[in-house]
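Here's a quick tour of one protein chain, written for someone just starting out with structures. Keep the picture open while you read, and click on each residue as it comes up.

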Amino acid sequence: GNDGANWWPFQAQRIRAGIEQVLAGPVVLSNRQRNFHPAESDGVWSLSTDATLHVWVRESLSVARIRIKFQAAGQHEQFVQITLNGESFFSGCVQPWRLRTIERRMHFLHPTDSLFIRVKCGAVFNPSAHAGTSDARNLAVFLSTLTYFNCTTPAVEDVSVEDMRTHRQRA
């Protein structure tokens with residue numbers, strides 16, 4: 001039967017922890033994007049110098065290790081900036097057409113189960129104008145995969161043997 005979880009027809013599929021998730025298909029819905037082309041089988045291209053993609057994860061995150069694979073289009077090196085929920089994830093110059101993997105530990109001010117991935121770059125590239133292909137789309141940054149590991153679960157406190165003895169003597 002229907003448990004009510006999927007009653008909204010445009011509900012995106014949630015990403016599971018520890019799985020390298022291609023940013024395509026049911027995790028990337030057009031109603032959750034700003035300035036992105038429709039997703040391809042291996043990821044999604046932004047179409048402007050400032051674009052945002054919204055994805056959902058299966059649990060609430062305060063601290064997480066996040067890995068994103070991406071590449072920039074273009075003829076020359078360009079500056080790319082990626083933020084997650086307003087927090088800086090990556091900022092730097094990248095060579096065009098080279099898939100990069102960036103992994104970072106992120107601390108979110110408010111626990112969240114949704115990630116707003118904002119990508120900014122210096123320029124868009126139109127392959128048909130330069131490479132002689134029939135692809136006339138404006139391409140900026142390609143987001144390929146996202147992987148996350150939840151680090152929010154508090155670690156068991158380290159208790160030294162000395163503390164245990166002291167505790168027993170007081171008891």
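What follows is a short briefing, grouped by topic.

First things first: this is a predicted model. The chain has 171 residues, and 37% of them count as buried. Its secondary structure comes to 2 helices and 8 strands.

**The overall layout**

- Starting at the N terminus, the elements run β-β-β-β-β-β-β-α-β-α.
- Take the contacts in the chain with a separation of 6 or more: 66% of them are between residues 24 or more positions apart.
- The chain's accessible surface is about 10000 Å², and carbon and sulfur atoms make up 50% of that.

**A hairpin to find**

- Look for strand β5 (residues 78–84) and strand β6 (residues 87–94), which pair in the antiparallel sense over 7 bridges.
- β5 and β6 make a hairpin with 2 residues between them. In the turn sits Asn85, with a positive phi of about 50°.

**Val141, a residue on the inside**

- Is Val141 buried or exposed? Val141 counts as buried, because its relative accessibility is 0% and the cut-off for buried is under 20%.
- You'll find Val141 in strand β8 (residues 141–150).
- Which residues does Val141 touch, leaving aside its neighbours within four places in sequence? Val141 is in contact with Val44, Trp45, Ser46, Phe70, Gln71, Ala72, Val80, Val119 and Cys121.
- Take Cys121 from that list: Val141 and Cys121 are 20 residues apart along the chain, and their C-alpha atoms are separated by 7.4 Å.

**Aromatic rings that meet up**

- How many aromatic pairs does a search of the whole structure find? The search turns up 4.
- One of them is Trp45 with Trp97: the ring centres are 5.8 Å apart and the planes sit at 65°, so the pair is edge-to-face. The cut-off for that label is planes over 60 degrees apart.
- This pair links distant parts of the chain, with Trp45 in strand β3 (residues 44–45) and Trp97 in the loop between β6 and β7 (100–121), 52 residues apart.
- Trp45 is buried, with a relative accessible area of 6%, whereas Trp97 is partly exposed at 41%.
- Trp97 also pairs with Phe125: their ring centres are 5.5 Å apart and their planes are at 75°, so this pair is edge-to-face.
- Trp97 is in the loop between β6 and β7 and Phe125 is in the loop between β7 and α1 (127–130), so the pair ties together parts that are 28 residues apart in sequence.
- Phe125 is buried, with a relative accessible area of 8%.
- Put together, Trp45, Trp97, Phe125 and Phe142 form one aromatic cluster.
- Another ring worth a click is Phe149: Arg65 lies over its face, at 4.4 Å from the ring centre.

**Salt bridges**

- The structure holds 8 salt bridges.
- Arg14 and Asp113 meet through their side chains in a salt bridge, at 2.9 Å from N to O. Arg14 lies in the segment before β1 (21–22) and Asp113 in strand β7, so the pair ties together parts that are 99 residues apart in sequence.
- Arg14 is partly exposed at 28% relative accessibility, and Asp113 is partly exposed at 26%.
- Lys69 and Glu20 make a salt bridge at 3.1 Å, N to O. That pair links distant parts of the chain, from Lys69 in strand β4 (residues 50–72) to Glu20 in the segment before β1, 49 residues apart.
- Lys69 counts as partly exposed at 23% relative accessible area, and Glu20 counts as partly exposed at 42%.
- Glu40 forms a salt bridge with Arg137, and the closest N and O atoms are 2.9 Å apart. Glu40 is in the loop between β2 (33–34) and β3, while Arg137 is in the loop between α1 and β8, 97 residues apart.
- Glu40 is partly exposed at 28% relative accessibility, and Arg137 is partly exposed with a relative accessible area of 27%.

How values were computed:
Residues are numbered from 1 along each chain as its sequence is written. This is a predicted model: local features need pLDDT of at least 70, side-chain atom pairs count only at pLDDT 80 or more; totals for chains, interfaces and linings use all residues. Side-chain values use heavy atoms; hydrogens and water are left out. Helices (H or I, at least four residues) and strands (E, at least two) are DSSP runs, numbered from the N terminus. Buried means under 20% relative accessible area, exposed over 50%, partly exposed in between (1.4 Å probe, protein chains only). Contact means heavy atoms within 4.5 Å. Accessible areas come from the Shrake-Rupley method with a 1.4 Å probe; for residues, only the protein chains shown count as cover. Two strands pair if DSSP finds at least two bridges between them. Rings of Phe, Tyr and Trp (its six-membered ring) pair if their centres lie within 6.5 Å; planes under 30 degrees apart count as stacked, over 60 as edge-to-face and the rest as tilted. A charge sits over a ring if NZ of Lys or CZ of Arg is within 6 Å of the ring centre and within 35 degrees of the ring normal. A salt bridge is a side-chain nitrogen of Lys or Arg within 4 Å of a carboxyl oxygen of Asp or Glu.
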